[in-house]
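Reader: I would like to learn how to read the contacts and the backbone of a protein model. Can we take the features one at a time?

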2 protein chains.
Amino acid sequence: MTRTLALLLAASALPLAAAPASGQPSSAQPAYAPLFAAEITGAKRDLDASIKAGINVPVPKDPGGGFTHEQHKRNYRIIFEGGQLYRLTGDRRYLDHVRDMLLAYAELYPALGPHPAAANQVPGRLFWQSLNDSVFLVNAVQGYAEIRKALSAEDRRRIDEGVIRPMARFLSDGSPQVINRIHNHATWACAGVGLAGYLLGDRDLVDKALMGLDKSGKAGFLRQLDLLFSPDGYYAEGPYYQRYALQPFVVFAAAIEANEPQRKIFDYRDGIVLKAVRTAIDVTHSGYFIPINDAMPDKSLRTEELYHGVAIAYAATHDPTFLSIAEWQGRTVLTPAGQMLAADVAAGKARPWPFTSRLLGDGPDGKQGALVLLRESRGTNGPLLVAKNSVQGMGHGHFDRLNWLYYDETGAVVTDYGAARFLNVEAKRGGRYLPENDSWASATVAHNTLVVDEQSQFGGQWKVGETVPTRQLSAGLDAPTRWSIAEIEGAYPGVTIRRALVMLNVDGLSNPLILDILHGTGSGRHRYDLPLHFSGHIIDSDIAFDQHLAERPVLGSANGYQHLWVDGEGTRNGAARLTFMQDSRFYSYHMAPPKGARFILAESGANDPEFNLRREPALIQRVDGAAATTFVSLLEPHGRYDASSEAVVASSSRIGSLAHRREDGADIVLITFVDGQRLAVAIADDTSADASHHATVAGRSLAWTGPVGRLDLAKGDAQ
Amino acid sequence: MTRTLALLLAASALPLAAAPASGQPSSAQPAYAPLFAAEITGAKRDLDASIKAGINVPVPKDPGGGFTHEQHKRNYRIIFEGGQLYRLTGDRRYLDHVRDMLLAYAELYPALGPHPAAANQVPGRLFWQSLNDSVFLVNAVQGYAEIRKALSAEDRRRIDEGVIRPMARFLSDGSPQVINRIHNHATWACAGVGLAGYLLGDRDLVDKALMGLDKSGKAGFLRQLDLLFSPDGYYAEGPYYQRYALQPFVVFAAAIEANEPQRKIFDYRDGIVLKAVRTAIDVTHSGYFIPINDAMPDKSLRTEELYHGVAIAYAATHDPTFLSIAEWQGRTVLTPAGQMLAADVAAGKARPWPFTSRLLGDGPDGKQGALVLLRESRGTNGPLLVAKNSVQGMGHGHFDRLNWLYYDETGAVVTDYGAARFLNVEAKRGGRYLPENDSWASATVAHNTLVVDEQSQFGGQWKVGETVPTRQLSAGLDAPTRWSIAEIEGAYPGVTIRRALVMLNVDGLSNPLILDILHGTGSGRHRYDLPLHFSGHIIDSDIAFDQHLAERPVLGSANGYQHLWVDGEGTRNGAARLTFMQDSRFYSYHMAPPKGARFILAESGANDPEFNLRREPALIQRVDGAAATTFVSLLEPHGRYDASSEAVVASSSRIGSLAHRREDGADIVLITFVDGQRLAVAIADDTSADASHHATVAGRSLAWTGPVGRLDLAKGDAQ
């Protein structure tokens, strides 16, 4: 840890930082880099408006999205920004305003009881859930720290004892059911409590934040670092909450580093804090977080948490690839770390972020499953296959083990619904998770994975899911043949599910093919459904659908099936195809389904009395009355549609046939293109990396080592 | 007309232009401005690829989107670009390639009969519709002109007589049913024939192009200039076809100017050609053409036709606001006009386009109706209300007189379906208009205008519609109160429809309110339906809907009703509200409907066996068994949703009540905000500009002159 880093980090949220840490004289106006200058301009605008409007610290009343909720959110931002501006400019107007606001809170806070709009969540004092109170404290302490030394002793005492310490007490001793959990709500609480402790010189608060209320280390920040992230820095709840959790982790870590450098917090657990920042960036496409589990799909790297995360990580590493993320964000934070980052962006030091394929082990030991990212290194929006072979992800986890998603230049193609929620929109149940989040968004049928007997995995009980890992059997991360093979037992009683997803680069195709071989193996008779949720407009299909053109029924009565309108049901002898179009590209989904399979074309949105659901299409492959079944599918991106020039190329599939057979402990798939070119892919049941296999495909010998073999046959190669 | 202009214009598509018109030496590589340099780079890439691939002039076979169709399109682009590149560089490779390609066409063309894939359209020779043949000729002549003088006499003769003249003959004498029409297909034919005539020195072709096959002036280019555009430069078929038609108008006009300057073609009919270019730009929002009538909604100013249009208009006017359009386009054309435009963009001469409210009179005399654009001057994407009070618009016109649309920063909010078509996507009926274009997209119920007795206007017969104008009674184009009042008789037997749309700027609201008062007046008993087609997700409503949650019926059996799924039907005593959300904004649609009205919530997509329709929501206000009825509605944009910061403000409507009454020949509407502020709007039946009116509203006296009066009452103003 260099001295520069210590100074940079010290300036966030620490008493030390009240002295101008950046070495800038506080009265002159230094020439800031554009990114930082814009932050100052924005903060000044906010502060000027707030000063003009006057202090408004209302008695808490409204849930998320309501007036008092939003006002208290505005206020903690003002406290944060005002403190930073005072440090940067020395202008007493900012000091006075932040002080007056904090004094108003010191008047209000002590008399508050549980928030009146609290629902299922743990109530806060200022907000309907205590989580927001923690966020308030994290921000307020960082702003207050910048003005505290300049206050009169009396004002300091009133604020310390009227709001900062009582809030920290409420979020620690007063909320054991929050802070002692291993959960992102607890991380925010720990950060708030710990930052307050450092600021007030209150060792008791700091120790409780670091090691739990009983200071045993069984809870608290360090235990959260041990348990909430996998060794690869992946956060069990998924990317959306990884982002959310990140801010208290990095901000509190920076404060620990500055106050207790002997803890070497950035080296803790092999550098887990910085790994978490890197992994958060890796689990995005086009800058947007992959919306697995409960997640708002409009959430991107352009978010407060990542402005802090990127600035602190850059200060800690000087890795210039963070700068390209900051460029994409177009924002930074008002701290010295943000100032340095902005200067280096302006100096042209940015380098592209190295998006590559990754296997992110999940669970505290990294062995409870994995999130597998197979991607082309083509910037932020290249082809990306996500295999969700992870752990349950606690209460925000969906019942979607072995789910897969696909993204490319047109955005999400094979999709995840994300959460059923309108964040902070009051008319939508106060902005909370909606009933359809349980009844649809988290249900297995809302995902691209096998549904057995119309049930959700684990009977829809996440605590049961927590006890069952996913087995990542094999992964290959390199072109031209990338893969993930995983298996789960216990998602359904007596049924084992194994899935191989293979991303195939093929000469002459701009985007890879995605091959999917899914085996459901049980006994007795089951209904097996394999949905594909996709984004785009249907172009055509070779399936003879019996269509519900003038009266549309629902598919089922429970477990998400009640939310699916049925547009058509059909069958086809042999392989089938559905082609759809999104933006500038066409996609053909080829299926070599089991004998007797039916196809159901459906759309979400049934049984939705409050109009809470988006209406999105799905194709379901269904097999009835089977003990075991195998679904073989292939996604083929093709062609191009250009609205400007009206040029359309290759709107029809280039694949003539898709065939599958079992042979000697392996699945053999033969893809034949319309031009005669052929591609054989073999997946051995034995997934060990050194096992050798052999098969005969299209009259040719195919020998391979490890689970996945491949044979490319050009047009004209002998049969 | 300056000499510079003549030179600039001359260089497009004229024999003169084979000499380097720009004054650049042809061997040196001058420093081109970035916009033009990029065009050269792109064209060189195209030519290099084409030269490498070799000449490919296939026997015509496929419809739109198919291989031969796309190949012939590629070829005419290569001929155009290759000719320009030869002029700019003097590189003989380009000359040779263009020559060889034209010689191949000279071999192929004479033996061709009607295209085998011709369907309902007039067949071409190279393409399934002769329209595409005209486009081929317009482009090919412009390219050929640049190399013709450098060819051997024999090659010149073979190309002249093998393809250029025969094609011009086919498109003139050979296709009287096309070229003698007053229609955009005829304009393309005239341009092709006329350009060929100038190039070949064939006066007969030129005269037929200018004045029709019989040279009487009853048809041909000049007559098209008289009849196809209104005096305001509006094209009767609508913005999408205005764009499409523009290229032959401007290119042929430039050729006329260069060859026959004495015609003063750019002054013809008070400068109608340049007016048409300006109006084409005005009928866009965020750069995209308003998709009324048959139109692809993804069509923007980024299109070949407008690259030509903007370059030629800038060359003719030097109006620097055209340069900002070129900047948005990010493209230009390879002609000298494009070169000059690019240089001036690079020199920083661009000025913002003056988007303002406009009343575009429709019909050849401008008095057959109007397209009214009410807009805030806030750049390309500010609030815009479109009132479609125009003429029928020939075969591509929809049955949507008095329709309205609304746009703002979030895009289209009150929407038009556009055309039911997947342009050039072969699997979608060869890329042609789909059956649902008639059965849904052009039907009255697919628009935001009154439907009487579930019929489309004019019984769905466009030729009947052609005989009935719309009466634009009044318009006010200036803030804070802009309006359009229009009326139509004859759209339905015995029913007169009058509609006032008022755009109200209100202090404290970032975007205007839109007030809509629609009167349907007939005798007997009618069903009156007023749909609102909107874009966004429903947030909530105060209407008690009886919902079809688990089985969804269709609304009707014909005239578009068969394509509407019904989600719910409901009633409400007094005013009703539906709130929806699109991107970053909320919209509340308030209704003060007639007594006994019902509300139907619906979605397009029923009875759609080929998956040709998009699925979009609509709310229908319905009155049954009435002779006359009045619908009063108000669209209120409000609030803000910010996904990055998760800040949500004003997600609930700010309007507490909407009340309407009739009084002394006027409609009086009182809007009361939840904060007590009130706004009264009065619309007199007498629409003359100088008539004075008086009413008492909310205990206050309201006197006004002209049809629209307004009274703003602040909170606390006396009752």
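Reader: Where is the place of A:Asn607 in chain A?

Author: A:Asn607 sits in the loop between strand 19 and strand 20 of chain A. Strands (E, at least two residues) and helices (H or I, at least four) are DSSP runs, numbered from the N terminus. Before going on: this is a predicted model, in which local features need pLDDT of at least 70 and side-chain atom pairs count only at pLDDT 80 or more, while totals for chains, interfaces and linings use all residues. Residues are numbered from 1 along each chain as its sequence is written, chains are lettered from A and ligands numbered from 1 in the order in which they are written, and side-chain values use heavy atoms, with hydrogens and water left out.

Reader: What is the phi of A:Asn607?

Author: Most residues other than glycine have a negative phi, and most peptide bonds are trans. A:Asn607 is not a glycine, yet its phi is positive, at about 45 degrees.

Reader: Which peptide bond of chain A is cis?

Author: The bond from A:Ala479 to A:Pro480 is cis, with omega near 5 degrees. A:Pro480 belongs to the loop between strand 9 (471–476) and strand 10 (481–492) of chain A. In chain B, a cis bond joins B:Ala479 and B:Pro480, with omega about 5 degrees.

Reader: How do I read the interface of chain A and chain B?

Author: The size of an interface is often given as the accessible area lost when the parts come together. Here buried area is the accessible area (1.4 Å probe) that two parts lose on being put together, summed over both. Chain A and chain B bury about 4,500 Å² between them, with 50% of it on carbon and sulfur atoms. The contact (heavy atoms within 4.5 Å) takes 56 residues from chain A and 56 residues from chain B.

Reader: How many salt bridges does the rule find across the interface of chain A and chain B?

Author: A salt bridge needs a side-chain nitrogen of Lys or Arg within 4 Å of a carboxyl oxygen of Asp or Glu. Eight are found across this interface. One of them joins the side chains of A:Glu646 and B:Lys299, at 2.8 Å from N to O.

Reader: Which strands of the two chains pair?

Author: Two strands pair if DSSP finds at least two bridges between them. Strand 15 of chain A and strand 15 (residues 551–553) of chain B pair in the antiparallel sense over three bridges. Within this pairing, A:Arg552 has B:Arg552 as its bridge partner.

Reader: How is chain A divided?

Author: Domain bounds come from an automatic or database domain assignment. Chain A has domain 1 (3–20 + 35–346), domain 2 (358–653) and domain 3 (654–719). The C-alpha centres of domain 1 and domain 2 of chain A lie 36 Å apart. These two domains of chain A bury about 3,300 Å² between them, 55% of it on carbon and sulfur atoms. A:His285, A:Asn293 and A:Asp294 supply 20% of the area that domain 1 buries against domain 2, more than any other three residues. The count between the two domains is one salt bridge.

Reader: What does the salt bridge of A:Asp624 and A:Arg527 tie together?

Author: Their side chains meet at 2.6 Å, N to O. A:Asp624 lies in strand 20 (residues 617–638) of chain A and A:Arg527 in strand 12 (residues 513–533) of chain A, so the pair ties together parts that are 97 residues apart in sequence.
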